[in-house]
Amino acid sequence: MKKRDILAMICMLSMASAVFANGKSEQQSASESGAEWKPDHNITIRVPNSAGGTMDTLSRIFAQGVQKEMDVPTVVKNVTGAAGALCLNDLNKSDPSISEMMASGIAFFTLTPLVNKDVKVSLDDYDPIASLVSEDFVLYVAPKDTGIENWDDFLAYAKKNGITAGCNAPGGATHMLFSALLGDAGIKWNAVSTAGSNKDLLNLVSGNVDCVIATVSVGSQFVEGGMVKPIACFSDAPFTGFDNYTVPTVSSKGYNIVFKSNNFIMVRKGVPQDHIDAVYNAYMDYQKTDEFKALAQKANFTPNTMNGAEIRKSVNDEKDFCQTYYKKYY
């Protein structure tokens, strides 16, 4: 998604008119009221990234959906720094409440505590509400600069020259995936880290790096524009979502590395389950609207319907994978 489109979307979502809450007590359950529970406090969603990134954009879409479906003002608050720890600390200052939410990514609970020992977090202390997006990671190259057209070209180039990779800093998912893939392949590499995958891909197009690992939604506009080429994915099946490409898995090349992104909304442990369910159901209802479908298309992402239990299982499954590769290469 182009920067001007991102800014326009943020402006539109931020300026969406707030509506008044319905006046029910926050502690009144659905069973007591005879209707689905709704909050009577403004909702704040904290985002650990700056405005304009994927998580921020999707959190604003989520916020608009909750606001419209539940009739409660919902705002996004960006709290950046310390790999998400400052954002989490801000959430922890508030008592457990459905009105106090945070957006997070799977790496924060799987990789960050391994790489940064000062960040002590456990998903056991929080309850996921709904997934914003769960996407495949793809390895992209720029043939015009390296001559790499496919996986065999990539291996030949890497073994001869080494690899300069665009990815996040240690503790991020794409850094871990490069560590796993290139480590298992016995390839020397160095990382050029930026503030996000969009910038990594711009570095690739500019010839500053040899390859980038990024999610499908971030890489798609570069693929469609003919600027980069997808040559492998970290999925359990080939990726067919790009026009004219069937992207093979790294597992099919002999590297058993499967990992998906998962950005989600959560609250502190202790929030009543019917409150969590009501927000989840509101977001699912919003996904059925034409407005949501237009926003999702503009943001170039496929919505996800995972609930809290499914998100928790996803995080726990990936945690074992991350621990294995952390011990091996970090």
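In helix H10, which spans residues 197-205, the buried residues are Ser 197, Asp 200, Leu 201, Asn 203, Leu 204 and Val 205; buried means under 20% relative accessible area, exposed over 50% and partly exposed in between, with a 1.4 Å probe and protein chains only. Helices (H or I, at least four residues) and strands (E, at least two) are DSSP runs, numbered from the N terminus. The cover over these buried residues of H10 includes strands S5 (137-141), S6 (163-167), S7 (189-193) and S8 (211-215), together with helices H7 (143-146) and H11 (216-224), where contact means heavy atoms within 4.5 Å. Just after H10, Gly 207 adopts a positive phi of about 85 degrees.

## Basis of the model

This is a predicted model, in which local features need pLDDT of at least 70 and side-chain atom pairs count only at pLDDT 80 or more, whereas totals for chains, interfaces and linings use all residues. Residues are numbered from 1 along each chain as its sequence is written, and side-chain values use heavy atoms, with hydrogens and water left out.

## Overall make-up

The protein contains 14 helices and 10 strands, and 53% of its 330 residues count as buried. Among the contacts with a separation of 6 or more, 74% are between residues 24 or more positions apart.

## Nonpolar cores

The largest nonpolar core has 53 residues, and those with the most contacts inside it are Phe 109, Leu 139, Phe 154, Phe 234, Ile 257, Phe 259 and Met 266; a nonpolar core is a set of buried Ala, Val, Leu, Ile, Met, Phe, Trp, Tyr and Cys residues joined through side-chain atoms within 4.5 Å. Helix H9 (residues 173-184) gives the most to this core, with seven residues. Leaving aside residues up to four places away in sequence, Phe 259 touches Ile 106, Phe 137, Ala 173, Met 176, Leu 177, Phe 234, Glu 318, Phe 321 and Cys 322.

## Helix H13 and its two partners

The axes of helix H3 (residues 54-70) and helix H13 (residues 290-299) come within 11 Å and cross at roughly 175 degrees, the axes being lines fitted to C-alpha atoms over the stretch in contact, with angles from 0 to 180 degrees between N-to-C directions. H3 and H13 are therefore roughly antiparallel, since angles under 35 degrees count as roughly parallel, over 145 as roughly antiparallel, 65 to 115 as roughly perpendicular and the rest as oblique. On H3 the contact is made by Thr 57, Leu 58, Ile 61, Gln 64 and Lys 68, and on H13 by Glu 291, Phe 292, Leu 295 and Ala 299.

Helix H12 (residues 273-287) and H13 have axes that come within 6 Å and cross at roughly 80 degrees, so that these two helices are roughly perpendicular. Tyr 283, Tyr 286 and Gln 287 of H12 meet Glu 291, Phe 292, Lys 293 and Leu 295 of H13.

## Cysteines and Thr 112

The structure holds zero disulfides, a disulfide being a pair of cysteine sulfur atoms within 2.5 Å. The sulfur of Cys 211 is 8.7 Å from the closest cysteine sulfur, in Cys 167, which is too far for a bond. Cys 211 is buried, at 0% relative accessible area, and Cys 233 also counts as buried, at 0% relative accessibility.

Thr 112 belongs to helix H6 (residues 112-115) and counts as buried because its relative accessibility is 6%. Not counting residues up to four places away in sequence, Thr 112 touches Ala 83, Ala 107, Val 119 and Gly 171.
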